[in-house]
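Here are some friendly notes to read alongside the model. Please keep the picture open as you go through the points.

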Amino acid sequence: MKPVIQLEKINKIYAGAVSVHAVRDVSLQIEKGEFVAVMGSSGSGKSTLMNLLGCLDRATNGRYLLDGEDISELGRNDLADIRNEKVGFVFQGFNLLSRTSALENVELPMLYTRKKSQASQRERALLALERVGLSDRTDHHPNQLSGGQQQRVAIARALANDPSLILADEPTGNLDTQTSVEIMGLFQALNEQGITLIMVTHELDIARFTKRNIVMRDGRVTSDQPVTNRLVATEEFQRLREEQRAVQLAP
Amino acid sequence: MRFFAILKIAARALRRNKMRTLLTMLGIIIGVGAVIAMVAIGNGAKARIEAQIASLGQNVIMIMSGNVSRGGFRMAFGSPGTLKVEDYDAIRREVEGVAGISPELRTSAQIIAGNQNHFPAIRGVGEDYVQIRSWDFASGQNFSDADVRNANKVALIGQTASDILFGEGSDPVGQVIRIKGAPFTVVGLLKRKGMSMSGTDEDDAVFLPYTSAMKRLTGDTSFRSFNVQAESPSLVPEVQSQITDLLRQRHRIGPGREDDFIVRTQQEITDASTETAKTMTLLLGSIAGGSLLVGGIGIMNIMLVSVTERTREIGVRMAVGARSWDILWQFLIEAVALSLVGGLIGIGLGVGSAKIVSTKLGWTTVVSPESILIAFFFSAIIGIFFGFYPARKASQLDPIDALRYE
């Protein structure tokens with residue numbers, strides 16, 4: 001079976017007065033069903049790598065196969081189509097359209113899709129919201145939702161067009177611990193259903209919910225290991241609850 | 001992306017900021033409204049002039065004495081004259097294709113009928129006058145050429161003058177009116193005609209054979225002007241040149257010398273008068289068009305602001321797969337929607353103000369369907385033209401930069 005992502009000696013150099021070599025010779029393979037955390041300090045090149053993986057940007061050189069398709073040479077519009085059909089984005093700041101209902105936010109990628117689907121747009125959007133547990137919030141606008149709920153809407157939007165992978169950029173960066181664990185729980189559940197997830201984070205705790213950790217420094221991959229003592233979100237959530245109760249019971 | 005979906009997005013974006021949308025549209029509303037109202041007023045003036053000139057009669061050629069013609073024919077019009085009664089008779093005799101000919105001497109005098117007296121306009125005319133002006137009789141009949149030849153004391157009377165002198169509804173035919181002491185028998189009552197070109201009541205007049213008027217009232221021996229009616233429109237130029245040749249010959253004007261009279265067809269007079277109205281329409285229209293341009297710039301301005309404000313939204317749309325084209329369309333449709341809705345409201349405003357002008361001020365206004373169509377398409381074009389730059393700017397944003405935009 002083809003890997004979802006195959007990077008071969010990818011380089012990204014930002015030209016300018018001082019040219020920046022943001023990603024150096026990265027070769028990487030991510031199989032279907034993986035759950036990967038990309039970590040590193042700021043300036044390590046992890047965001048650039050995410051942009052490349054998400055087809056928001058193109059590598060200076062090297063080869064990138066997404067679902068076996070070479071996208072290194074594709075133009076702006078083809079990249080837009082790839083993003084639409086194969087990639088779902090989850091951002092740190094949610095990036096939902098304000099004053100637009102959750103349902104319509106989820107429908108957004110479908111507006112731009114060129115592939116035909118059997119089910120109606122509305123049905124698929126409702127299904128996506130059901131998968132993130134927000135069936136009862138479809139008509140709410142982002143400002144009527146909590147941060148965690150907003151991120152769930154964003155995840156539903158990412159799921160809307162049945163992508164090959166979901167890319168999450170610091171998805172818990174704006175959330176408190178408990179909500180973060182909830183979101184990681186959702187990611188783990190989606191991963192169980194076979195969805196490939198790649199997540200950028202700088203929090204070690206959060207990275208431990210994934211199956212594989214990649215660490216970057218100065219544009220290179222310095223470490224790439226499976227997670228041994230993996231956290232399970234449901235258990236972790238239970239533990240947090242008990243801690244809270246203990247705090248409340250303490251005299 | 002489906003067109004309907006883009007339309008929905010545009011409608012939502014415009015509804016989100018109602019006040020801003022309204023203010024932006026106001027430029028176009030006022031612009032389109034002004035263009036339509038101004039053109040309606042200009043066209044109204046033109047139509048009015050045309051109607052008034054047409055009321056002179058059909059296929060009419062005017063011959064005016066022109067001894068002061070250097071200042072233009074308007075100054076010459078009505079100046080005393082080089083047109084002798086003999087010239088008039090010669091035209092009548094010699095020019096072919098003439099259906100009718102009549103002078104129109106203008107004077108005024110007190111008229112007494114029974115115990116009533118009145119000061120109507122008095123016109124000295126020929127027997128063809130009522131036919132040239134296609135003026136019908138309400139009662140009685142025209143005076144004859146014999147009446148003209150013999151300077152008989154007969155008169156035709158207009159409705160207003162008749163109402164005043166004899167009372168409303170009564171038939172003046174057969175009655176006697178006294179003008180400067182001389183008794184004139186009324187032989188015909190003319191149907192109502194309305195306002196003349198200069199705004200006076202055409203029906204407040206009494207018509208005498210010009211011979212009688214000259215002899216008993218004015219003492220003139222020459223005409224200031226008279227009108228000739230050609231038998232058909234195609235004969236007008238022919239009759240015009242015949243008259244010119246005849247008068248030059250009779251007045252002994254050598255080749256290369258200027259005429260001492262003026263021959264104008266109705267068409268020429270209409271053209272000269274409507275030219276002014278056209279220039280006016282153009283002037284008013286272009287001033288109003290200027291405000292339309294300002295309205296367009298307003299749209300461009302607000303679209304640029306909107307693109308900047310919604311940079312993140314554009315980034316999100318691009319991230320989820322919107323092509324540059326989709327973004328371009330979205331903003332272009334929004335700009336066009338602004339200008340088209342503004343244009344439609346403006347059309348309403350323009351038509352409304354044209355109506356108000358005509359009812360409150362009594363001006364004739366003509367709202368032409370063309371001006372509405374042009375205004376509609378023009379506002380669409382303004383939307384496309386002024387919306388394109390902001391829309392293109394939005395569509396060319398880099399998705400990564402747009403997503404990071406604060």
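How far apart do the C-alpha centres of domain 1 of chain B and domain 2 of chain B lie?

1. They lie 55 Å apart. Domain 1 of chain B covers 3–52 + 272–404, and domain 2 covers 83–259; such bounds come from an automatic or database domain assignment.

2. A word on the source: this is a predicted model, where local features need pLDDT of at least 70, side-chain atom pairs count only at pLDDT 80 or more, and totals for chains, interfaces and linings use all residues. Residues are numbered from 1 along each chain as its sequence is written, while chains are lettered from A and ligands numbered from 1 in the order in which they are written.

3. Now the overall form of chain B. Its radius of gyration is 33 Å, well over the 22 Å from the globule rule for 406 residues, so chain B is more spread out than a compact globule. (The radius is taken over C-alpha atoms, and the rule is 2.2 Å times the number of residues to the power 0.38.) Along the principal axes, the C-alpha atoms fill a box of roughly 100 × 55 × 30 Å.

4. Next, where the chains meet: 19 residues of chain A are in contact with 17 residues of chain B, contact meaning that C-beta atoms, placed from the backbone, lie within 7 Å. On the chain A side, α2(A) gives the largest share, six residues. (Helices are DSSP runs of H or I with at least four residues, strands are runs of E with at least two, and both are numbered from the N terminus.)

5. Which residues have the most contacts inside the largest nonpolar core? They are Val38(A), Ala156(A) and Ile36(B), in a core of 123 residues. A nonpolar core is a set of buried Ala, Val, Leu, Ile, Met, Phe, Trp, Tyr and Cys residues joined through C-beta atoms within 7 Å. A residue is buried if 20 or more other C-beta atoms lie within 10 Å of its own, exposed if 12 or fewer, and partly exposed in between, with C-beta atoms placed from the backbone.

6. Finally, look at strand β9 (residues 176–179) of chain B. Four bridges join β9(B) to the antiparallel strand β10(B); strands pair if DSSP finds at least two bridges between them. The two strands form a hairpin with two residues between them, and Lys180(B) in the turn has a positive phi of about 45°.

Terms used
Two residues are in contact if their C-beta atoms, placed from the backbone, lie within 7 Å.
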